[in-house]
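Please open the model in a viewer and follow the selections below in order.

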Amino acid sequence: MSAPTSEGSRFTVSETRPPVSPAQLPQVELRGDCANCFGLCCVALPFARSADFAVDKSSGEPCRNLQEDFRCGTHTRLRDSGFPGCTVYDCFGAGQRVSQVTFGGVSWREAPDTARQMYEVFPVMRQLHELLRYLTEARALDATRPVHRDLDRALARVTELTEGSAADLEKLDVGPVRAEVNPLLLRSSTLVRAAAGGRPKNKRGADLIGARLRGAKLRGADLRGALLIAADLSGADLSLADLIGADLRDADLSGADLTGALFLTQPQLNAARGDAATRLPEGFERPAHWVRQA
């Protein structure tokens, strides 16, 4: 399989591609499984000493907390140990995919000559899995029925890309893939949010850092890419809101209603603050630090 780039073959989900049944799609795990990963997020990714990380670490340097079994030695104490940034990261299953499938279960410790390529492939796979996560969510909704065929094609094509060789993935330009998928996600969002009625607010990409939005009526709002860092969203109605890419770090979601929120991820919730009264979409876990704050 040749990797599509801006100069090479094109990623496409157009009508020229044959229809695909959801039953024909390979099942791709879209949640991180650290037990089957070679600690890739702990070694491949760099981070700088800050409020999120206690130390500096360069790409390719194993985190000081990474154990010989590739597990985190301070996983249950990350926030208290100065690594809250780790608690808001999710590879969407890319870690175990790269470890067990792309590199056949042979770790960078066992085969040091593969380490550099493995570290390059991991963030590419992570982007593909993130797209699969959003496409899968959109496809599962009845409101998106008008675009189900296109969503099926996109799912099949992105899944196909994840099955490429390490060499293919290393040179893959994910930009064109995102450019093809994004209109589908936008269309899906519009179809779902129409159920909110009225004229939902458009806050796409808005700078709402520290905004006072207590009790705000944001049902069905477009909050794609909005900066909501430290915003007061306590008691806000965020049901059916599109939250793809919204920055919710330290946002107060106490008592907020997020039922039916679109493209929300667990890391976004982990980065925010909330309480027992926060209403979450089905399938999400209430972050442990919310309980401690209560």
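Predicted model: local features only at pLDDT ≥ 70, side-chain atom pairs only at ≥ 80, totals over all residues.

A pocket here is an open set of grid points with protein on both sides within 12 Å along at least five of seven lines, and its lining residues have an atom within 4 Å of a point.

Go to the second largest pocket, which holds about 550 Å³ of space. Its lining comprises 24 residues, and those closest to the pocket centre are Arg133, Glu137, Leu264, Glu282 and Phe284. Colouring the lining by class shows 13 nonpolar, five polar and six charged residues.

Next, display residues 115–139, helix 3, and residues 266–271, helix 7; each of these helices supplies at least two residues of the lining. Helix 3 gives the largest share, with three residues.

**Second stop: a helix pair**

How do two packed helices come to be described? The angle between their axes and the distance between the axes are used. The crossing of the two helices is right-handed.

To see the contact itself, select Ala94, Gly95, Arg97, Val98 and Thr102 on helix 2. On helix 3, select Met118, Val121, Phe122, Met125, Arg126 and His129. Coloured by class, the contact of helix 2 with helix 3 consists of six nonpolar, three polar and two charged residues.

Notes
Residues numbered from 1 in each chain as written. Heavy atoms only, no water. 1 Å grid on protein atoms, 1.4 Å probe; cavity = no way out; pocket = protein on both sides within 12 Å on 5 of 7 lines; lining within 4 Å. Points joined across faces, edges and corners; volume = space filled by probe spheres on them. Helix = DSSP H or I, 4+ residues; strand = E, 2+ residues; numbered from the N terminus. Nonpolar A, V, L, I, M, F, W, Y, C, P; charged D, E, K, R; others polar. Left-handed = near helix turned anticlockwise from the far one by under 90°. Contact = heavy atoms within 4.5 Å.
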